[in-house]
Amino acid sequence: MSIQHVPENLPKRIQHFIGGEFVDSVEGGTFGVLDPVSNETYLEASAGKQADIDRAVAVARQAFEEGPWPGMLPRERARVLYRIADIVETRNERLAELETFDTGLPITQALGQAKRAAENFRFFADLIVAQADDTYKVPGKQVNYVNRKPKGVAGLITPWNTPFMLESWKLAPALASGCTVVLKPAEFTPLSAGLWPEIFREAGVPDGVFNLVNGFGEEAGDALVKHEDVRLISFTGESATGSLIFANAAPTLKGLSMELGGKSPAVVFADADLDAAIDSTVFGVFSLNGERCTAGSRILVERSVYDEFVRRYSERAKNIKVGDPHDPATEVGALVHPEHYAKVTEYIEIGKTEATLAAGGGRPEGLETGNYVQPTVFVDVPPTARIFQEEIFGPVVAITPFDTDEEALRLANDVKYGLAAYVWTSNLERAHNFGQRIDAGMVWLNSHNVRDLRTPFGGVKASGLGHEGGYRSLDFYSDQQAMHISLAPAHTPKFGA
């Protein structure tokens, strides 16, 4: 039985942060937050609703229209972002402890999150200083140039998996661009978001530029999406919620960037480095407890190496250490919440009726309480199976054989999602040609998910709308205004002369 490690100085309650002040909800409502090992409520968080979003957006709009932040020189904003990055890095140990306690993420996988968050701020600080806009010349007649302006109030809605790092992925480009923001963190995991107010205040972010409203998606999130003074929404979450946001944002015609669900294929050809492919595909679905949008949760393996791959993969899965998230030896911790645990275990039971169970499939021995699931491997999975088609978002993988490249491509593309894909082959020509034909926003060749912040991040089909990353992020948070200047008398038709 696992005993939860409780970090020191945990808050008993979490408030909103609006206009530089910590405040309760206007209506006084709260909601309980559970830790995923004991499943007991350890704090009460203010439950934001329409009135709280209205208050936060009004403050953010005032800070945008009257405050210094949007009009600061890029170098001035960059200096603040660098200070944010330096402060975030000093919080690495504390952040890891809070994230592990709140999400069930293994401590060794939580420890790098602050450094990744800091790197997001440094990257966009560098980018805004180096950014150049286009000028178009018509010699002797006209010069046309692009004037880039921040869009206004940005609504940021973030998920419960690696929440602090994913918040930084939105906050950094939004603030770098000169926008003011209202952040709505996931209700399952609001703990680490409470670090931002102190960090931003210490770094010199003016009051009102950053605002935080906790609450449920159907209340606080919905109000943020529908608010007419919010000019854009960046959302990371599951696809059904993304469709609802798309519909609810339509009346106010706001900009949308949505990174949604995935059921990403990992395609292993017979000529692949099998050792490297197994290392990567095991890590790719079981790291972060399998609660990752880019998980390679469908593995397609060429028939001639299929039996060996399945045998070795299943052995590895059975040896994965499941346990206390705070134990450095733990490789898979506890799933985030009882609701999510119920969803994942329901899919495992469905899988037992659709395919062959090769590893896992239940609760680990000795862990009678908490949201623990064995790393679970299904093999010989038909493409019609629900566990092949639907996102499970847990430590569950479906392995399917193929005979030809065309069959592998058909299987890879035969789902509604299109976020990531992984291709393993030593044939360079095949790697590029096959990878380019996969319906996915991102493809890794002979690699697991290694990010380059300069490249676009996002999906196709049901996996997303728009891309962020590099200058694409700055484009999303900015308006690009075309300015036209005549260099000679304009020849205008003289109507009514």
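Y145, I485 and L487 make up a nonpolar surface patch, with about 250 Å² of accessible area together. Patch members have over 30% relative accessible area and no salt bridge, and nonpolar side chains are joined within 5 Å; the areas come from the Shrake-Rupley method with a 1.4 Å probe. A salt bridge here is a side-chain nitrogen of Lys or Arg within 4 Å of a carboxyl oxygen of Asp or Glu. L487 sits in the segment after β21 (478–486), with strands taken as DSSP E runs of at least two residues and helices as H or I runs of at least four.

A quick word on the model: it is predicted, so local features need pLDDT of at least 70 and side-chain atom pairs 80 or more, while totals for chains, interfaces and linings use all residues. Residues are numbered from 1 along each chain, and side-chain values use heavy atoms, without hydrogens or water.

Now to the pockets. The largest pocket holds about 1,000 Å³ of space. A pocket is an open set of points on a 1 Å grid where a 1.4 Å probe fits, with protein on both sides within 12 Å along at least five of seven lines; lining residues have an atom within 4 Å of a point. Of its 37 lining residues, W160, E187, F235, E238 and T241 lie nearest the centre of the largest pocket. α8 gives the largest share of that lining, 5 residues. Because domain 1 (13–260 + 463–482) and domain 2 (265–445) both contribute lining residues, the largest pocket lies between them.

The second largest pocket has a volume of about 660 Å³. Its lining counts 33 residues, with R116, M165, L166, N449 and R451 nearest the centre.

Definitions and conventions:
Patches are made of residues with over 30% relative accessible area and no salt bridge: like charges are joined within 9 Å, nonpolar side chains (Val, Leu, Ile, Met, Phe, Trp, Tyr) within 5 Å. Grid points are joined across faces, edges and corners, and a volume is the space filled by probe spheres set on the points. Domain bounds come from an automatic or database domain assignment.
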